[in-house]
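These entries record what I looked up in the structure shown below. I kept them in the order in which I consulted each site.

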Amino acid sequence: MRRWARRGGRCEAARRAAPAMLLPGVRSAARRLGRDLPLACRGCSRGAGGKGLVLGIYSSEKDGAAALLTSAGDAFDRLVSGRLRELVSICGPPLKKGKTRIFHGLHQDFPSVVVVGLGKKNAGVNDQENWNEGKENIRAAVAVGCRQIQDLEIPCVEVDPCGDAQAAAEGAVLGLHEYSELKRKKKPVVTPQLHGSAENEAWQKGVLYAQGQNLARYLMEAPANYITPIKFAEHIEQKLRSFSNVKVHIRPESWIATQQMGAFLSVAKGSAEPPIFLEIHYSGGANTSERPLVLVGKGVTFDSGGISLKPSSGMDAMRADMGGAAAVCSAIVTAAALNLPLNIIGLAPLCENMPSGKANKPGDVVRAKNGKTIQVDNTDAEGRLLLADALCYAHSFNARAIVNAATLTGAMDVALGSAAAGVFTNSSWLWNHLYEASIVTGDRVWRMPLFEHYTKQVTDCPLADLSNIGKYSRAGGACTAAAFLKEFVTASHWAHLDIAGVMSNKDEVPYLRKGMAGRPTRTLVEFAARLSQDSHNTT
Ligand code: BES
Ligand code: ZN
Ligand code: ZN
């Protein structure tokens with residue numbers, strides 16, 4: 001028996017709503033099998049009450065070998081008396097990773113079934129790629145499958161757990177997300193559900209991880225006139241309102257002034273929009289006196305560059321310059337939803353960086369909370385000014401570890417692009433936890449240097465203790481920025497994540513649509529989850 005149709009190698013039987021387009025080869029093969037062809041989609045999926053179904057399929061190990069359905073696929077195949085397997089084999093060549101075929105009318109509960117290629121079975125951690133390839137394949141495949149169901153305007157989709165329900169849920173929830181709040185024409189809402197009930201806990205966990213990242217994506221994507229510092233803080237406060245073990249403090253400008261956060265204030269004063277210092281206390285630990293993990297995020301809700309104005313082309317993307325604050329706050333919302341057993345404090349200095357008569361001028365000298373003076377040689381290097389003060393403040397909590405995230409430098413994007421966030425850390429213990437977490441989530445990190453070499457380039461400054469830019473201009477720009485931050489750190493477990501390169505997605509991450517990426521929220525959540533299991537003494 002010919003396994004798939006000759007011409008074009010494409011499954012015409014599976015073409016949505018196009019029964020007349022069946023290839024003769026497929027039609028006759030189906031007849032020889034004594035089977036009815038699947039019912040064509042005669043509007044059955046539109047508002048008919050049925051659900052979509054996404055099923056995974058592995059690449060066959062040998063040429064010409066039978067398709068390798070997942071266990072959910074196998075079960076569904078038995079339910080439809082082997083018709084799924086037969087159709088898959090006659091409809092075309094083996095489905096490659098991420099490629100789909102749609103079958104209509106196989107089962108009355110599922111008017112449309114999308115079968116999607118998962119790549120090879122038993123794919124695990126890939127040591128070259130530093131991620132779990134099996135999980136990444138599932139996320140990508142499920143995202144594609146769910147979007148096909150969305151294109152068919154079916155409001156509900158059941159998803160094959162594909163052997164890893166958490167990854168499948170992440171693929172579904174991340175893959176379907178789109179920021180369409182301000183458009184009249186929106187994509188239809190599709191609710192993904194687990195197909196079967198065996199892995200419900202893992203599925204729910206995946207939904208929460210993905211919703212966390214989607215929250216960060218939402219905050220980053222929203223225009224800067226919608227997500228101002230106060231609106232950002234109120235949005236996060238609202239997300240945390242239902243948790244009795246969370247306290248949110250929205251600190252106004254007067255509080256920031258009494259804290260002597262002169263570096264942060266110097267940036268904020270250029271804007272008409274007042275700054276906010278957002279402080280979140282999540283007490284998930286057995287004891288409120290347990291040392292917390294402190295997360296700090298850069299929260300520049302719009303970065304025009306200030307007097308050192310950025311070029312106008314692409315400046316709109318700087319509405320996402322609060323991506324660090326979005327990732328850490330969303331990670332805390334997710335940690336609370338997961339009820340992680342640890343204490344976390346979140347700190348987000350929020351303001352705009354604007355040019356005005358009150359703005360920082362190149363050459364101005366400002367004083368940070370720890371008394372160090374900073375010459376503002378470039379007003380566009382503002383993120384480190386906010387973080388300098390926030391990091392000083394972070395030291396008042398006797399933290400187990402301090403981790404900050406910031407869309408800090410264009411140089412980070414030049415160095416790694418969107419493959420991974422750069423991690424600058426003084427602690428190999430902390431690095432190992434972040435790295436292990438990122439292998440699982442697929443939202444990768446890569447270690448970068450904190451050499452004295454770079455410190456010298458920011459401490460050699462004419463008027464102040466530090467300059468806010470390296471003296472050799474752009475060379476090693478991500479490293480000189482990290483060296484600058486290090487001047488405000490005395491804790492022995494600190495990591496700075498420069499997330500400028502992973503801020504947005506074009507098409508590099510297949511399970512995220514184009515737009516602001518919300519990375520690395522899931523890695524921060526996974527890291528916190530791992531930390532909560534680690535009894536290692538970090539004093
Ligand atoms: N927010 C930017 C960095 C950035 C660039 C984030 C591209 C995301 C995408 C930051 O405030 C900035 O402008 N940094 C300057 C520093 C320079 C003046 C030393 C930069 O990277 O050009
Ligand atoms: Zn800037
Ligand atoms: Zn910035």
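Where is Pro520 found? I located Pro520 in the loop between β22 (515-516) and α16 (521-533); helices (H or I, at least four residues) and strands (E, at least two) are DSSP runs, numbered from the N terminus. The peptide bond from Arg519 to Pro520 is cis, with omega near 0 degrees.

I noted the conventions next. The model is predicted, local features need pLDDT of at least 70, side-chain atom pairs count only at pLDDT 80 or more, and totals for chains, interfaces and linings use all residues. Residues are numbered from 1 along each chain as its sequence is written, chains are lettered from A and ligands numbered from 1 in the order in which they are written, and side-chain values use heavy atoms, with hydrogens and water left out.

Entry on backbone angles. I found Cys162 in the loop between β7 (156-159) and α5 (165-176). Phi of Cys162 is near 55 degrees, a positive value in a residue other than glycine. Most residues other than glycine have a negative phi, and most peptide bonds are trans.

Entry on ligand 1. I counted a residue as near if one of its heavy atoms lies within 4 Å. Of the 17 residues around ligand 1, Lys310, Asp321, Asp380, Glu382 and Gly410 come nearest. I then looked up pairs of N or O atoms within 3.5 Å, the cut-off for a polar contact. An oxygen atom of ligand 1 lies 2.9 Å from a polar side-chain atom of Asp303. A polar backbone atom of Gly410 is 2.7 Å from an oxygen atom of ligand 1, and a polar backbone atom of Leu408 is 3.5 Å from a nitrogen atom of the ligand. Ligand 1 taken alone exposes 510 Å², of which the protein buries 82%; accessible areas come from the Shrake-Rupley method with a 1.4 Å probe.

Entry on Glu487. I placed Glu487 in the loop between α15 (477-486) and β20 (494-498). Leaving aside neighbours within four places in sequence, Glu487 is in contact (heavy atoms within 4.5 Å) with Asn370, Lys372, Thr455, Thr459 and Leu466. The C-alpha atoms of Glu487 and Asp465, 22 residues apart along the chain, are separated by 9.9 Å.

Definitions and conventions
Polar contact = N/O pair within 3.5 Å; in protein donor to acceptor, adjacent residues only side chain to side chain.
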